[in-house]
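Here are my notes for a colleague opening this structure for the first time. Have it on screen and follow the points in order.

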Amino acid sequence: MCCLWKMSFLILTFLVLSCLNDRFPVARALAGPNPSPQVDGRRPTPTTRPPPRSTPVTPPLSEYYFTVKEANFTKFCETRAILTINGSYPGPEIRVHRGQRVRVHVLNKGTYGITIHWHGVKQPRNPWSDGPENVTQCPIQPRKSFTYDVILSDEIGTLWWHAHSDWSRATVHGALVILPPVDEVQYSPYRFRDHTLVFGTWYNQDLKEISDIIAANGSAPADAAGYTLNGFPGDQVTCNNVSEPMYSMTVKRGETHLLRLVHAAMHEPQYFGIMGHNLTVVARDGALVKPFSTAYVLLYPGQTMDVTFVANQNQSRYYMLYRYFDDSAVNTNAQNTTGFLIYSNPVDPVVNTTFPTLPGAKDNSTAFNFTAKLRSLYSRTEKEVPRGNVKVTRIILTVRVDTVNCNGSSNCPSSGSKSAASFNRISFAAPTKLDVLRAYFGGPSSIYNTSYLLTPNEEVENATYAYRGTNVIELNYGDPVEIVFQAIDDGPAGGHPLHLHGYSFFQVGMNNGTFNSTTDPASYNTDDPPEQNTAVVFGSGWTAVRFFARNPGVWFMHCHFESHASWGMATALIVKNGAKNHQKLRRPPIGLPSCSA
């Protein structure tokens with residue numbers, strides 16, 4: 001009798017689960033995973049959204065330990081001590097999965113304060129761990145430590161991290177690799193073997209001294225000694241008639257590989273290509289794009305890009321090449337930065353010594369056209385991109401290299417003015433006694449000023465000097481926002497890479513000339529605009545981006561040319577709390593660095 005009752009119970013349970021299996025995802029999860037998930041009756045492809053998960057999965061916590069310390073390196077004919085993380089240049093790579101939570105424990109054994117920024121990570125409701133010095137935190141002082149809580153959300157592909165104090169990021173930086181969840185890898189371009197290529201700038205001068213001099217008298221930055229690829233200058237640089245070391249990458253003929261390109265340099269946009277190989281662009285700034293084939297790619301400082309290529313050539317070695325692009329009138333180091341792509345199974349053992357053909361350094365139209373090819377992989381909804389009948393808060397910012405009046409201050413040139421940079425003629429000055437975020441959360445509001453011109457003012461634009469102050473832009477939670485960056489070429493300046501912390505925005509339009517608020521919005525792409533965290537406005541042109549202000553807190557926005565940021569081409573967005581708990585700024589963590597040395 002007992003056995004008969006147990007048998008009846010098992011049969012009934014099986015029938016109930018079988019019935020529910022077609023109706024409820026939880027039942028399907030209990031019944032076990034589908035070994036061949038399908039979408040609309042077909043297997044997903046790299047351009048198809050992966051099937052939704054049946055049950056949410058909380059990724060495990062990942063922890064990293066960073067020690068800030070000096071280490072000696074010999075490059076460009078000189079040996080010097082530089083600031084590093086864990087003694088390496090570039091710094092250690094962080095490799096995690098989408099949506100994961102990461103804790104990075106930073107111990108400062110250097111000689112001055114430092115902060116770390118997680119470039120492109122949205123950090124939902126958590127600007128406390130975003131990193132810009134004196135904007136969201138005060139620096140970690142020598143012999144002190146701080147733990148960053150890095151909260152990932154929908155980012156995918158390649159981002160990076162770097163110091164965000166003074167000019168330390170020239171040597172304190174590294175890649176942040178975000179892999180898809182394990183069950184989605186086979187449907188994405190990230191199923192291929194990957195290689196990270198970090199492009200950097202090398203100075204033979206002390207970076208802290210460079211930063212202090214620029215801040216004091218507005219002078220132009222010192223010339224870089226040159227550039228590096230994964231820390232190597234390449235064979236086009238010689239020291240005592242001997243070529244400098246060069247980075248090399250080994251592949252096997254017939255394989256497809258993924259390159260993670262990180263532009264960590266300080267000022268110079270760069271083209272990249274591989275002799276004899278086409279590249280397929282699959283992601284930019286931690287977001288997938290519609291794949292397209294190209295012989296070269298263009299990156300500005302701060303940007304990242306993921307590209308694939310097929311190892312389909314016969315000879316044993318091919319040059320990888322970075323070459324600068326410059327639409328300004330400033331002299332730029334013209335070094336060709338090289339690496340080698342080496343075949344482990346070549347058909348022909350001959351070494352190919354030809355460089356890939358890259359566009360000219362002043363070819364503005366090619367640079368513009370390449371950038372215009374970028375489109376989001378997915379069509380976007382009105383909940384993602386403000387459009388249609390949605391009334392946007394339009395902010396028009398003139399972007400220019402500028403001057404400020406310095407009469408009466410120390411280190412002021414005899415002219416009575418010094419170089420600066422500005423948005424709408426406001427040159428940002430970070431506070432020194434308390435960061436903006438803590439002042440906003442509960443400190444004295446006198447630390448910053450919420451008075452900001454949201455459109456250019458003719459009288460201000462025609463003034464002799466820019467105004468210098470800690471002026472920020474306030475937004476309400478949920479506001480649909482459009483920012484138009486209008487480049488003003490007064491003097492030698494050209495284009496600018498403009499980075500917004502805490503958000504990825506959608507680039508809906510760009511063009512040459514002056515923005516027309518009546519006619520230009522008609523040309524916007526709001527269907528599949530590229531999602532990015534660092535947008536380029538080309539010289540004498542404009543770029544428009546849109547987003548919803550759904551991440552409360554204080555978020556820095558600045559040019560990613562380091563000298564322009566140092567001169568004040570920056571501001572901060574303060575996004576107020578929403579009505580619900582999940583729309584409110586998190587409380588400050590324990591152990592925030594003190595604002596007194």
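1. Start with E482 and R546, whose side chains meet in a salt bridge, 2.8 Å from N to O. By salt bridge I mean a side-chain nitrogen of Lys or Arg within 4 Å of a carboxyl oxygen of Asp or Glu. The pair ties together distant parts of the chain: E482 sits in strand 27 (residues 480-487) and R546 in strand 32 (residues 541-548), 64 residues apart. Helices (H or I, at least four residues) and strands (E, at least two) are DSSP runs, numbered from the N terminus. Are these two partners buried or exposed? E482 is buried, with a relative accessible area of 0%, and R546 also counts as buried, at 9%. The cut-offs here are under 20% relative accessible area for buried, over 50% for exposed, and partly exposed in between (1.4 Å probe, protein chains only).

2. A word on what you're looking at. This is a predicted model, where local features need pLDDT of at least 70 and side-chain atom pairs count only at pLDDT 80 or more, while totals for chains, interfaces and linings use all residues. Residues are numbered from 1 along each chain as its sequence is written, and side-chain values use heavy atoms, with hydrogens and water left out.

3. How many salt bridges turn up in the whole structure? The search finds 22. One of them joins K122 to D154, with the closest N and O atoms 2.8 Å apart. That pair links distant parts of the chain too: K122 is in the loop between strand 5 (116-119) and strand 6 (145-151), and D154 is in the loop between strand 6 and strand 7 (157-163), 32 residues apart. K122 counts as buried at 13% relative accessibility, whereas D154 is partly exposed at 45%.

4. Next, look at D326, which lies in the loop between strand 20 and strand 21. Its relative accessible area is 7%, so D326 counts as buried. Which residues does D326 touch, leaving aside neighbours within four places in sequence? They are T332, A361 and K362; contact here means heavy atoms within 4.5 Å. With K362, D326 forms a salt bridge of 3.5 Å, N to O. The two partners are 36 residues apart, with K362 in the loop between strand 21 (337-343) and helix 4 (364-372).

5. Now strand 6 itself: 5 of its 7 residues are buried, leaving the strand mostly covered. It runs antiparallel to strand 4 (residues 101-108), and 7 bridges join the two. Strands count as paired if DSSP finds at least two bridges between them. If you want a spot to check, the bridge partner of R101 in strand 6 is I151.

6. There is also an open sheet of 6 strands, in the order 10-9-14-19-16-17, with mixed pairing. Strand 10 (226-229) and strand 17 (287-294) are the edges, each pairing on one side only. At the strand 17 end, 5 bridges join it to strand 16 (residues 279-284), and these two run antiparallel. There, A283 stands opposite L288.

7. On to the cores. The largest nonpolar core has 80 residues, and F272 and V297 have the most contacts inside it. Such a core is a set of buried Ala, Val, Leu, Ile, Met, Phe, Trp, Tyr and Cys residues joined through side-chain atoms within 4.5 Å. Not counting residues up to four places away in sequence, V297 touches several residues, including L261, F272, V281 and F370. Another core, of 42 residues, lies apart from it, with V104, W128, I447 and Y448 among them.

8. Finally, the overall tally. The protein has 7 helices and 34 strands, and 55% of its 597 residues count as buried. Among contacts between residues at least 6 apart in sequence, 78% join residues at least 24 apart.
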